[in-house]
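Please keep the sequence and the structure in view while reading.

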Amino acid sequence: MILKNLFFHVHYCNSKQSGRSGARPIKTSRTLQHHELVFFAKAKGTFKIDKKAYELKDGTLLYISPGMPHAIETDPEAPLSCFSVHFSYASVNLSEGGWNLQKGPRDLPLPFEQELKDYYQIEDVFKKLVKTWDAKLPGYEFISKTLLQQLVIVIFQNIKKENPNYSSSLKVEKIIRYMHEHIQDKITLSQLSDLVQLSPTYLSRTFKEITGYSIIEFFNKIKMDKAKEMILEGNRKIKEVSRALGFTDEFYFSRIFKKTEGLSPSEFYSKNVHGV
């Protein structure tokens, strides 16, 4: 999942509602150098991207990426309710050498236009985001950034539910729950394929597409997350932690831990508990 390391910055937010004093229809043509999400809860009109025209409807969500020429024009006679947020992001990673700042992916993995059917949650988060930005109360920038992250999450959840392969996503979630319940065990691909009634090859490919990790990488990641918790809070020896997570070879556990975290288990403990 390329979103996990993204750090967002909100440039500004706004909204337009017909009936409000001073509200005018939208008529704009421009090319932005940052990202914008625009949601139309109510609207009629047109938008153009790369000179191709599309119809604006209730529930239209637009994702405008940097450098994308676009034009939006709403019907002045039709009800209008729309929200937008302008933002940028960078990728922030924590590795052995400390925090690393990178540019991140150029675009979010979103279509430039989608017609949402069930958009209550998206509209609700957008309303909170714009209200917070407009109020400018203490802490509004941090809260707005958090709400933008929440907005991106609900947009991706909405896309997942409307995807014809949603049943595959549910099966992947079933496998992840199974992994949590059997974190101390060894599990095999054939076990998991039997669990969700998918062929091993299709399951491996689908799991990677949805999570960004292979099945074994994801299971090890769950184990290493639990290992960090046990090392820091459980006052246990590394050998005890590795056995509790199903590793018969302590040195193999340490290699997996270092590969995942960039530090050996003992180095992780010393750095986080003693600061050395």
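Helices here are DSSP runs of at least four residues, marked H or I, and they are numbered from the N terminus. With that in mind, helix H6 is followed by Asn235, a residue whose phi is positive, near 50°. The model is a predicted one, and every value below was computed from it.

**The protein as a whole**

The protein contains nine helices and ten strands, and its C-alpha trace spans about 70 × 45 × 30 Å along the principal axes. Of its 276 residues, 40% are buried. Among the contacts with a separation of 6 or more, 67% are between residues 24 or more positions apart. The protein exposes about 16300 Å², and carbon and sulfur atoms supply 53% of that area.

Helix H1, which runs through residues 120-135, has 16 residues and reaches 22 Å from its first C-alpha to its last, close to the 22 Å expected at 1.5 Å a residue. Its buried residues are Ile122, Glu123, Val125, Phe126, Leu129, Val130, Thr132 and Trp133. Which elements do the buried residues of H1 pack against? They pack against strand E1 (6-17), strand E3 (35-42), strand E6 (60-64), strand E8 (81-95) and helix H2 (140-162).

Helix H6, at residues 215-233, has 19 residues and reaches 27 Å from its first C-alpha to its last, again a span close to the expected one, 27 Å at 1.5 Å a residue. The buried residues of H6 include Phe218, Phe219, Ile222, Met224 and Met230, and the list also holds Asn220 and Lys223. What covers the buried residues of H6 includes H3, helix H4 (189-196), helix H5 (200-211), helix H7 (238-244), H8 and H9.

Helix H1 is followed by Lys136, which has a positive phi of about 55° although it is not a glycine. Lys136 lies in the loop between H1 and H2. Gln197, found in the loop between H4 and H5, is likewise a residue other than glycine with a positive phi, near 60°. Is Gln197 buried or exposed? Gln197 counts as exposed because its relative accessibility is 63%, and the cut-off for exposed is over 50%.

**Aromatic rings**

The structure holds 14 aromatic pairs. Elsewhere, ring pairs link Phe247, Tyr252, Phe253, Phe257 and Phe268 into a cluster.

**Single residues in their surroundings**

Val172 lies in helix H3, at residues 166-181. Not counting residues up to four places away in sequence, Val172 touches Thr206, Phe207, Ile210 and Thr211. Val172 and Val196 are 24 residues apart in sequence, and their C-alpha atoms are 8.3 Å apart in space.

Leu189 has its place in helix H4, where, with residues up to four places away in sequence left out, it touches Pro200, Leu203, Ser204 and Ile215. The C-alpha atoms of Leu189 and His11, which are 178 residues apart along the chain, are separated by 46 Å.

Ser264 is found in the loop between helix H8 (250-261) and helix H9 (265-274). Leaving aside neighbours within four places in sequence, Ser264 is in contact with Phe257 and Lys258, and Phe257 is one of the members of the ring cluster described above.

| Residue | Relative accessible area | Class |
|---|---|---|
| Val172 | 3% | buried |
| Ser264 | 16% | buried |
| Leu189 | 34% | partly exposed |
| Lys136 | 41% | partly exposed |

Why does Ser264 count as buried? Ser264 counts as buried because its relative accessibility is 16%, and the cut-off for buried is under 20%.

Methods:
Residues are numbered from 1 along each chain as its sequence is written. This is a predicted model: local features need pLDDT of at least 70, side-chain atom pairs count only at pLDDT 80 or more; totals for chains, interfaces and linings use all residues. Side-chain values use heavy atoms; hydrogens and water are left out. Helices (H or I, at least four residues) and strands (E, at least two) are DSSP runs, numbered from the N terminus. The expected span of a helix is 1.5 Å times one less than its number of residues. Buried means under 20% relative accessible area, exposed over 50%, partly exposed in between (1.4 Å probe, protein chains only). Contact means heavy atoms within 4.5 Å. Accessible areas come from the Shrake-Rupley method with a 1.4 Å probe; for residues, only the protein chains shown count as cover. Rings of Phe, Tyr and Trp (its six-membered ring) pair if their centres lie within 6.5 Å; planes under 30 degrees apart count as stacked, over 60 as edge-to-face and the rest as tilted.
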